[in-house]
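Dear colleague,

Here is the structure I said I would pass on. My notes on what was found in it follow below.

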Amino acid sequence: MKKSIIFLWIALLPFLLFSQNKVETLRLDDGWQFSQTGKNQWYDAEVPGSVQRDLIRHGVLPDPYFGTNENVVQWPEKEDWDFKKSFTLSEEQLNHDDALLFFEGLDTHADVFLNGSRILQSQNMFVGHKISVKNLLRKGENNLYIRFFSPITRMLPAAATAGFDYPADNDHGTPKLSVYSRKAPYQFGWDWGMRLVQMGIWKPITLTFYDKARIDDFFVKQTSVTKEKAIIDNQIEIYSVEPQPVDASITIEYGLKGESQKTVSKNIVLNPGKNVASIPLQIDHPKRWMPVNWGKPYLYDFKAKLSFGNQTIAEKTGSVGLRKVQLIQKDDETGKSFYFEVNDIPLFAKGANYIPGEILRTQQDTAYYQRLFDNITSANMNFVRVWGGGTYEDDYFYRLADEKGILVWQDFIFGCTPYPSDDVFLQNVREEVIYNVKRLRNHASLAFWCGNNEIEEGLRYWGWDKRNTPETMELWKKGYDKTFRTLIPDLLSQYDGTRSYIHGSPYNSSWGKIESFKSSDVHDWGLWHGRMPFEAMADRLPRFASEFGFQSFPEMKTIRTFANEKDFDINSDVMKIHQKSGVGNVIIKQYMDMYFHEPKNFEDFVYLGLVMQGNGMEEAVEANRRGRPYCMGALYWQINDDWPVVSWSSIDYYNNWKAQHYRMRDVFAPLALGVKFADNKLNYYTMSDYLNDIDNLKLTIQVIDFSKGVVKELKEKVNAKANSSQIVKSIDVLSLISESDKANTVIRARLSDDKGKTISTKDYFFYWPNKLNLPETKVNTKIAYADGKYTVTLTSPKLAKDVFIEIPVLGARFSDNFIDLMPGEKRVIEITSPQLKASEKTPITIRHIRETY
Ligand code: NHV
């Protein structure tokens with residue numbers, strides 16, 4: 001298990017750069033021990049980490065993912081846990097004016113003691129704590145002790161006195177306690193998540209010695225950004241430990257990364273304690289941060305320096321992209337728009353919902369985030385939603401988004417249930433909002449804030465009123481307004497003031513009420529939960545699709561990591577524990593009956609499910625993208641998993657792309673072909689994100705018989721209009737083939753540039769596989785083996801549909817997969833992984849649809 005080091009960068013930043021002032025920061029992550037309270041049986045702890053993560057590491061708990069082990073790893077949630085550590089300090093260190101202990105994150109209910117004094121009572125895992133401890137420290141050995149209280153036993157009295165149960169259906173515990181703690185909801189279970197209610201030090205701890213004053217916060221507030229001018233207010237929060245008011249100066253150094261820097265300075269008087277300073281500046285003709293495909297995500301370096309005379313006391317830096325992002329909700333002739341403008345240009349949002357990447361959350365290291373963003377950009381996304389059932393993300397997440405030109409939709413961490421709204425609870429929420437808004441507000445990628453996931457939709461439409469009294473419903477509705485319509489937006493205008501906000505997602509719609517689609521983002525669960533066919537999605541366009549998705553099993557090599565051959569049955573205990581949606585397997589089977597011949601066995605079932613999810617979701621996403629400008633976004637549910645499980649993800653826990661991720665890459669391409677079949681016509685679309693028109697493109701349309709190959713070909717010159725979707729060619733199908741040929745014909749369209757290079761291809765089948773006359777055929781493979789890369793050449797005399805290439809190496813990357821191989825066509829697929837060795841010739845297997853029945 002790797003240790004996350006990314007926090008260090010942020011924590012140390014103010015101090016690393018000016019050793020002349022002898023600021024010294026110690027990391028207090030090493031040498032921790034932990035024990036169950038009262039047991040006095042101490043184990044080494046990894047910090048950041050969690051009790052459960054450490055118990056697994058020490059073999060006290062088994063691998064929680066394997067078999068039915070989830071059942072036997074639950075007991076630690078009901079116990080309290082103690083953590084202790086000693087550290088040594090020198091006289092010199094104690095001679096500094098102040099010592100600041102910084103707990104970046106404690107999960108969740110904890111009392112913290114230092115040398116005999118209780119210095120902190122933590123009750124919110126999302127809030128970091130800075131505590132001045134100079135008076136408590138001593139030369140030689142110092143002792144820290146943290147008692148973590150079970151969130152279960154701690155919150156039982158709350159549930160016992162509430163007078164009602166919260167409808168937190170995703171919380172797999174009884175009673176449902178997740179709502180009472182400000183703690184990642186998904187730890188309590190979700191419909192794709194195992195339950196592991198953790199405790200522990202989940203972010204780093206540092207101790208910083210400094211003199212005179214420190215910079216606590218540096219907000220580069222973008223008051224206005226246009227092509228001509230960026231107007232910026234630098235807001236700096238300083239804490240002075242000088243006993244008297246003192247003269248000081250602040251200098252802001254700023255400029256494009258790597259280029260010469262300008263400065264502005266201001267003299268100030270620092271009073272003892274907290275001070276705030278504001279330094280405005282203007283940048284003419286800024287190089288604006290642009291999302292991916294629209295230009296470069298330019299970043300400026302900003303540095304705030306605090307000086308006494310000519311001695312620099314403290315510094316803080318920020319990497320800032322100058323841009324304007326707005327959510328446009330305007331009444332129009334069809335309802336109310338819901339789209340984002342970036343630098344005044346409407347953007348079609350392409351992307352996915354992101355859940356925490358690990359149930360053992362602290363395992364997410366820099367490599368994890370790099371891989372995630374590689375998966376995001378490789379699939380041609382420009383948007384990602386950090387969904388409200390998980391956590392606010394680590395700074396590094398947003399930094400990568402800044403650097404790659406990806407926009408982030410940020411939910412506050414509330415989802416799918418009402419929450420308490422008493423004063424004590426709301427005070428806790430207030431601290432959390434302030435802390436996280438301040439932590440994240442400099443990021444260019446952070447596009448906007450959303451209060452929560454689906455709470456209002458639940459209050460209005462999920463039947464909670466049938467299970468609860470009118471008084472309870474009233475309490476929840478009032479509580480909703482207090483939290484999401486008053487408290488959070490008020491804090492945002494105070495602490496951000498540059499971003500759009502909606503109280504919740506969906507904003508004002510429900511998937512059962514098609515009328516509501518006209519004026520809101522929509523979580524359209526008509527597909528899947530509503531059991532509507534994929535085809536229906538084209539007729540249910542929302543203004544912005546912020547959730548919709550379809551489940552699949554992960555591929556066999558992932559299943560083999562947690563199940564044995566004897567468990568390969570959807571009704572086995574092992575498979576059932578890895579399917580958290582009560583209706584999941586029934587729905588998968590129902591859809592499969594609609595679209596495929598019954599598969600021969602479990603492995604074929606798994607394979608067909610992947611194909612169904614991939615092709616079906618491509619159809620749904622494409623409908624959204626063709627549907628712009630009415631519909632301006634497609635964020636599917638969900639990109640990732642937090643353990644190996646059956647879920648709606650497009651990439652499984654072990655980083656294997658499911659069919660869906662390849663299809664998302666195709667349909668999200670900056671310039672992609674789309675096709676809609678209606679009234680026996682095929683309407684071809686260019687769907688372009690580029691900001692310039694592209695002329696002189698060639699559209700080639702081939703009519704391909706499953707056995708005979710190409711029987712007809714048409715060529716056409718077309719243009720792709722900038723930042724839009726438009727029909728470029730309409731074809732009468734009966735001019736190409738007869739009605740009866742539809743079952744054995746595929747129409748392949750190819751868009752190429754003036755040099756003949758393929759930009760996008762689109763295969764159109766008139767039916768799903770159970771209505772097609774797929775020929776029996778054998779796919780021939782030739783494999784060239786090299787270290788790190790296998791190259792597979794595939795051919796087939798007849799159509800082989802949805803060819804799946806498998807290799808038993810977790811996380812191996814394929815240049816393409818789940819492909820249609822046309823009669824006589826040759827396709828070359830590269831498989832890459834550091835684990836591949838030329839000498840080993842790891843076996844590759846091939847599957848296609850006709851072989852499954
Ligand atoms: O079920 C898949 C996902 C969830 O994992 C996640 O919470 O926000 N999902 C489904 C829905 N929302 C979300 C909406 N679900 C329903 C609403 C009303 C009736 C049935 C299902 C995500």
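**Ligand site**

The residues that come nearest to the ligand are Trp190, Asp191, Trp192, Glu454 and Glu547, out of 14 around it. Please keep in mind that this is a predicted model. By type, the shell around the ligand splits into 9 nonpolar, 2 polar and 3 charged residues.

- Glutamate 547 has a polar side-chain atom 2.7 Å from a ligand oxygen.
- For histidine 529, the distance from a polar side-chain atom to an oxygen atom of the ligand is 3.0 Å.
- In tryptophan 387, an N or O atom of the side chain is 3.2 Å from a ligand oxygen.

How much of the ligand does the protein bury? Taken alone, the ligand exposes 490 Å², and 85% of that is buried by the protein.

**Cavities**

Rolling a probe the size of a water molecule over the atoms shows where empty space is left. Searching the whole structure turns up 9 cavities of 30 Å³ or more. The volume of the largest cavity is about 100 Å³. It is lined by 17 residues, of which Ala168, Ser178, Pro185, Trp190 and Thr417 are the closest to its centre. This lining consists of 7 nonpolar, 6 polar and 4 charged residues.

Regards

Notes: Residues are numbered from 1 along each chain as its sequence is written. This is a predicted model: local features need pLDDT of at least 70, side-chain atom pairs count only at pLDDT 80 or more; totals for chains, interfaces and linings use all residues. Side-chain values use heavy atoms; hydrogens and water are left out. A residue is near a molecule or strand if one of its heavy atoms lies within 4 Å of it. A polar contact is a pair of N or O atoms within 3.5 Å; within protein, one must be able to donate a hydrogen and the other to accept it, and residues adjacent in sequence count only if both atoms are side-chain atoms. Accessible areas come from the Shrake-Rupley method with a 1.4 Å probe; for residues, only the protein chains shown count as cover. Ala, Val, Leu, Ile, Met, Phe, Trp, Tyr, Cys and Pro count as nonpolar, Asp, Glu, Lys and Arg as charged, and the others, Gly among them, as polar. On a 1 Å grid over the protein atoms alone, a cavity is a set of points where a 1.4 Å probe fits but cannot get out, and a pocket is an open set with protein on both sides within 12 Å along at least five of seven lines; lining residues have an atom within 4 Å of a point. Grid points are joined across faces, edges and corners, and a volume is the space filled by probe spheres set on the points.
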